[in-house]
Amino acid sequence: MNKRKICVVVTARPSYSRVKTALTAIKNHPKLELQLVVAGSALLGRYGNAVDFIEKDFSIDEKVFMVLEGENKTAMAKTTGLGVMELANVFYNLNPDAVITIADRFETIATSIAASYQNIPLIHIQGGEVTGNIDEKVRHANTKLADIHLVASEDAKLRVLKMGEYPEFVINTGCPSIDLADEVLRKPELDFDPIQKYGGVGASLNWKDGYIVVMQHPVTTEYETAKKDVLKTLEAVKEFNVPTFWFWPNVDAGADGTSSGIRSFREKHDLDNIHFFKNMESKDFLRLLINSGCLIGNSSVGIRECSYLGIPVVNIGTRQNRRQRGKNVKDVSYDTDEIREAIHVQFNNKERISENIYGDGQAGNKIAEILATIELNFHKTITY
C-alpha cells in the first residue's frame, strides 16, 4: 500500500512550533510520508533563521524564498502573490496527496490557493478562531478553501461549523503547540543559560532571581502606530526594572516600525535590564516562559501555551481580540502606566492554573492518525 504524501508548508517562526509534533507524528506514521516545505520569513536571518532549527529535526523537501522587503501592507500582498506562484510549482513537482496550511499568517493563503486551484485536498490546522485583524480574514479564507479542518478548540469547531463546513470533516484535535507545552510542564527546569546559548544583544542580566519575557508584534491593521505602540511597552518595562528577555517581532506590516522603535529607544536609554533575542528553540522558549514572572506583549503564545502552563500574561492592545483565553491573561491598552501596573500585578501573581482550552497534549498523534484514515476530497458545497 502506497503511503499518503502529506505536504506541510511552514512559512514563519511561530508556525513551526504550532505544527512540530504533528510533523514528527506524520514522519513516524507507517501510512504517511512527510513532505516538508519551508518558506517565507522562516528562511530569513533577520527573523531568527527558523530554518536552522527545523533542519535539526527534519529533512526539508523544498525552500521557497518569497518575502519582499518593505514590511508594509503592499509588501504583504506582493509576498503572498509570489508565494502562490512559487508554491504552485512546488506542489506540481512534489505531487502530494494532501497539503496542510497552518493558522492565519497573511502568507498562508498562498498555500491554500496554490493547492486548492490544483485540486489537491487542503487541510487547515487551527481554523475557526478570531483575532480581529487581517489574520482573521486570512484564517477564515483558508477555512473556506480547505476540505478538512483540524481545529484547536470546541469554540473554534462551532465557528467553522457555522461557516457551513461538513461536520465529519471538522475535528477538534487540539493545538500541536500544547503537546510541546505538556512536555515542558512535565520537565520545567531551565537547564541552560539563555544568553550563553542564544547570544542576542543587550545587557548581561542577573536573571536567576526573577525575570519577565516580552514578545510584541505589530498589528497589521494598525501598522502605522507600531513604533508608538512598542515605545509604550519599552517605557513600562524600563520603569519596572527587572531582568527582561525581549524577542524580535514577526515579519508583518509594521515590523519596521516595531524594530525601529526598539533601536531608537535603545540608543537613547541605558537598557541595563533588557536583553534581545531573534529566536529560540521551541521547548527552550517554553522553559524560559514557565520559569518567568510573566509574559508581556501580544503574541498568541500568551493565549495558547501560557494558558496550559498557567503563566501570567499581560496582553497589550487588539492583536488577540476576541480569541478565547484563560484566567492567566490580563488585557491592557497601549498606555505606559497601565502596562507597568499590569506587569506588577502579574509578576507578583503566584497562582499558576493550567487550563486545557487548546488541547490535552496529544494533538500531533491525533492529526497523523486522522490524515492516515480520513477520506481525501478536493471539492465541496456548503451544508446550508
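## Close-up views of a predicted model

View 1. Helices (DSSP runs of H or I, at least four residues) and strands (runs of E, at least two) are numbered from the N terminus. This is a predicted model, in which local features need pLDDT of at least 70 and side-chain atom pairs count only at pLDDT 80 or more, while totals for chains, interfaces and linings use all residues. Residues are numbered from 1 along each chain as its sequence is written, and side-chain values use heavy atoms, with hydrogens and water left out.

**View 2. A look inside the largest pocket, with its volume of about 610 Å³.** A pocket here is an open set of points on a 1 Å grid over the protein atoms alone, where a 1.4 Å probe fits and protein lies on both sides within 12 Å along at least five of seven lines; lining residues have an atom within 4 Å of a point. The volume is the space filled by probe spheres set on the points, which are joined across faces, edges and corners. Of the 39 lining residues, Arg13, Pro14, Ser15, Ser17 and Arg18 lie nearest the centre. H1 gives the most to this lining, with 7 residues.

**View 3. Phe245 in the largest nonpolar core.** Such a core is a set of buried Ala, Val, Leu, Ile, Met, Phe, Trp, Tyr and Cys residues joined through side-chain atoms within 4.5 Å; buried means under 20% relative accessible area (1.4 Å probe, protein chains only). Among its 37 residues, Phe245, Phe247 and Leu289 touch the most other members. H11 gives the most to this core, with 5 residues. Leaving out residues up to four places away in sequence, the contacts of Phe245 (heavy atoms within 4.5 Å) include Trp207, Tyr211, His275 and Phe277.

**View 4. Helix H7 (176-186) is mostly covered.** Of the 11 residues in H7, 8 are buried, among them Ile178, Leu180 and Val184. The buried residues of H7 pack against H1, H11, H12 and H14.

**View 5. Glu355, a buried residue in a loop.** Look for Glu355 between helix H13 (336-347) and helix H14 (363-373). Glu355 has a relative accessible area of 16%, so it counts as buried. The Glu355 side chain reaches the backbone nitrogen of Lys327 at 2.7 Å. Beyond its neighbours within four places in sequence, Glu355 is in contact with Ser307, Tyr308, Gly326, Lys327 and Asn328.

Definitions and conventions. Buried < 20%, exposed > 50% of the residue type's maximum accessible area, 1.4 Å probe, protein only. Polar contact = N/O pair within 3.5 Å; in protein donor to acceptor, adjacent residues only side chain to side chain.
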